[in-house]
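Subject: Structure handover and findings

Hello,

Here is the structure for your files. My notes on what turned up in it follow below.

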Amino acid sequence: MATQGIVGAWFAKADPLTGKVLTATDGLDTSGVYFADGHTNATAEGLTQVQFASLSGTVTPGFANNKQKRASKGVAYPTAQVTFLDLEFGVQQQILGMESDSKGGYTESDTTHPIYALFKSQSLDKSFDIYYALTNTHVTAGNKTWGTNNQNEVDSNDEMTFNSKSPLIKDMFNGKSFKVYTSSDPKFDEAAMMAEVFPGYTAPTGGSGSGVGN
C-alpha cells in the first residue's frame, strides 16, 4: 500500500556464528541496536530515501505443447538502497565492514559483516506504521562525489546498499530474507518485532534509546 515519509531506521551488527546482536563495544550501540536519528558528530542524522528492489522472487514459466503450463517462483533477496542526510562516521564504517587501524584510518575488510536493518514508514493518513526488515545483509557503499562550496554550501550525502541473504538463524522470518510488519494488525507487538528482527536485543530501560515508537 502507499506510504508517507521515512520515520526512521534501526541497524545492528550480528554475530556471524550465532546470529545474535552484538552489544557494547562490539556492537553499533551499547544495547546493540542503533537508531539513526542524531548522534555525536551527526546531529542531522537520518535517511532521505530508501529504494527497495527485488521484493519478489523471479517467476520462471514452464512451457509444453505451445502453452505455458507451469511456473516456478524463485526466492526473493531484496536490496535497500539508502541515502542518508548524515550518519555517524564510526557507525558507518562498522556497517560497511571497514577495519580500523586504531590510528584514525579504515580499510575495506576481506569478509562481509552481517547487518540487520529495520526501516519504518507510515500510512498516508499517519494512522499506523509500516516496517520493512532485512536480515543478514552485507552493505556496500555507493559512489561519492564532493563539490566545492560557492555562494552556497555543497553537501555530499552518503549512499549505501543493504543486500539481504538467508537468515543466520534457521527459523528466523520462516527462513526468508525479509519481513514486513504493520501496526494496523491487531496482533502487532512492537517489542516482539524488535526481538525477532534483532535476535538477543534487550530494550533499554526507561524507554529511551531505540525511538521505535516515535
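For what follows, a salt bridge is a side-chain nitrogen of Lys or Arg within 4 Å of a carboxyl oxygen of Asp or Glu. Please keep in mind that this is a predicted model.

Salt bridges

Searching the whole structure gives three salt bridges. As background, side chains of opposite charge can pair when their charged atoms come close.

One of them joins K144 and D158, with 2.7 Å from N to O. This pair connects distant parts of the chain: K144 sits in the loop between β10 (129-141) and β11 (158-163), D158 belongs to strand β11, and 14 residues separate them. K144 has a relative accessibility of 40%, so it counts as partly exposed. D158 is at 16% relative accessible area, and buried means under 20%, so D158 is buried.

Another salt bridge is formed by K179 and E196, whose closest N and O atoms are 2.9 Å apart. Here too the pair links distant parts of the chain, with K179 in strand β12 (residues 178-182) and E196 in helix α2 (residues 190-197), 17 residues apart. K179 has a relative accessible area of 29% and is partly exposed. E196, at 27% relative accessibility, also counts as partly exposed.

There is also a salt bridge between K120 and D129, where the closest N and O atoms are 3.7 Å apart. Are these two residues buried or exposed? Both K120 and D129 are buried.

Two other positions

Y131 is located in strand β10. Its relative accessibility is 1%, so Y131 counts as buried. From Y131 to G8 the distance is 9.7 Å, C-alpha to C-alpha, while in sequence the two are 123 residues apart.

L28 is found in the loop between β1 (3-13) and β2 (34-35). With a relative accessible area of 7%, L28 is buried. Which residues does L28 touch, not counting residues up to four places away in sequence? They are F11, A12, K13, L22, Y34, V91, Q94 and I95. As for G90, it is 62 residues from L28 along the chain, and the C-alpha atoms of the two are separated by 8.7 Å.

Regards

Technical notes. Residues numbered from 1 in each chain as written. Predicted model: local features only at pLDDT ≥ 70, side-chain atom pairs only at ≥ 80, totals over all residues. Heavy atoms only, no water. Buried < 20%, exposed > 50% of the residue type's maximum accessible area, 1.4 Å probe, protein only. Helix = DSSP H or I, 4+ residues; strand = E, 2+ residues; numbered from the N terminus. Contact = heavy atoms within 4.5 Å.
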